Amino acid sequence: ALCKNVETNNTYEIILKKDSDKLCLPNEGKHIIYPKSCYLFAQNEYTYDTNNNHEQNIFELNPTELRTKGKIILDENVIKKLKEKNITKINVIININSNIENEENKQPINIKKLNVEINYKSKETEFTFYTKPNSKLKLIPSFDEMKNNKDLIETLLFTTTEKILNVQSECQENSDDLKFIIKSGILIEGKVTPAIKDIKIMAYNKNDNTLITSSLTDEKGKY
């Protein structure tokens with residue numbers, strides 16, 4: 001944490017240890033403490049005065065949110081395709097949902113939406129977000145249809161369509177634990193008879209039965 005002495009205006013770094021009930025300062029007087037960590041706290045700054053009695057100087061740093069890192073990886077064939085089409089970036093949306101369903105409509109509660117811009121020159125692109133401790137999340141990646149080349153994204157897919165993340169009390173700084181891979185695929189078109197709209201067509205990996213992609217039929221029954 002950064003610590004500023006109000007009287008001398010000197011600023012220095014101090015170490016705040018987890019579960020510690022002691023605070024070591026280089027000199028006496030009133031100080032403003034600015035926590036610096038992968039956690040977010042209720043306040044951006046805290047005041048500590050060595051001239052006050054012990055009861056007045058007690059303050060607790062209870063994290064309200066913690067940082068989580070992930071990454072998106074481009075397959076070599078995708079990078080090659082981007083270069084051939086002279087496309088410099090892909091825009092990805094990651095919906096972060098609570099894995100607890102809304103009692104009214106039985107749908108996952110959307111917590112936040114991340115917009116990630118991927119440059120083809122970078123095989124790996126990291127993303128970061130903050131979430132509450134002790135929560136269970138479902139992350140679902142998709143391509144931004146408004147910002148991407150339509151012909152391109154029709155032939156791209158995520159090898160993992162969703163990730164379940166159990167957040168405890170520690171920051172998750174290893175992006176390898178939360179990664180999505182974009183690969184190049186082939187476009188398959190079909191039709192259901194009789195023509196019914198909004199039938200969900202799902203494609204699974206035949207080896208491990210994981211969902212690869214899904215699509216909805218249009219008013220003509222096509223997908």
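Residues are numbered from 1 along each chain as its sequence is written, and side-chain values use heavy atoms, with hydrogens and water left out. In this predicted model, local features need pLDDT of at least 70 and side-chain atom pairs count only at pLDDT 80 or more, whereas totals for chains, interfaces and linings use all residues.

Helices (H or I, at least four residues) and strands (E, at least two) are DSSP runs, numbered from the N terminus. An open sheet of 4 strands has the order β2-β1-β3-β5, with antiparallel pairing, where two strands pair if DSSP finds at least two bridges between them. Its edge strands, β2 and β5 (46–49), each pair on one side only, and neighbouring strands of the sheet are turned by 30° against each other on average, direction ignored; the axes behind this angle are lines fitted to C-alpha atoms, for helices over the stretch in contact, and angles run from 0 to 180 degrees between N-to-C directions. Between β1 and β2 the antiparallel pairing extends over 3 bridges, and K4 has T11 in β2 as its bridge partner.

The loop between β1 (2–5) and β2 (11–13) holds N9, a residue other than glycine whose phi is positive, near 70°. With a relative accessible area of 49%, N9 is partly exposed (buried means under 20%, exposed over 50% and partly exposed in between, with a 1.4 Å probe and protein chains only). A positive phi, near 55°, is also found for N86, which is placed in the loop between α1 (76–84) and β7 (89–101) and counts as exposed at 68% relative accessibility. In the loop between β13 (179–184) and β14 (200–204) lies P194, and the peptide bond from T193 to P194 is cis, with omega near 0°.

Rings of Phe, Tyr and Trp (its six-membered ring) pair if their centres lie within 6.5 Å, and planes under 30 degrees apart count as stacked, over 60 as edge-to-face and the rest as tilted. By this rule there are 3 aromatic pairs. The rings of F143 and F158 are stacked, because their centres are 4.7 Å apart and their planes stand at 25°. F143 belongs to strand β10 (residues 135–143) and F158 to strand β11 (residues 156–158), so this pair ties together parts that are 15 residues apart in sequence. F158 is buried, with a relative accessible area of 6%, and its ring forms an edge-to-face pair with that of F180, since the centres are 6.4 Å apart and the planes at 80°. This second pair links distant parts of the chain, F158 in strand β11 and F180 in strand β13, 22 residues apart. F143 is buried at 13% relative accessibility, as is F180 at 0%, and ring pairs link F143, F158 and F180 into a cluster.
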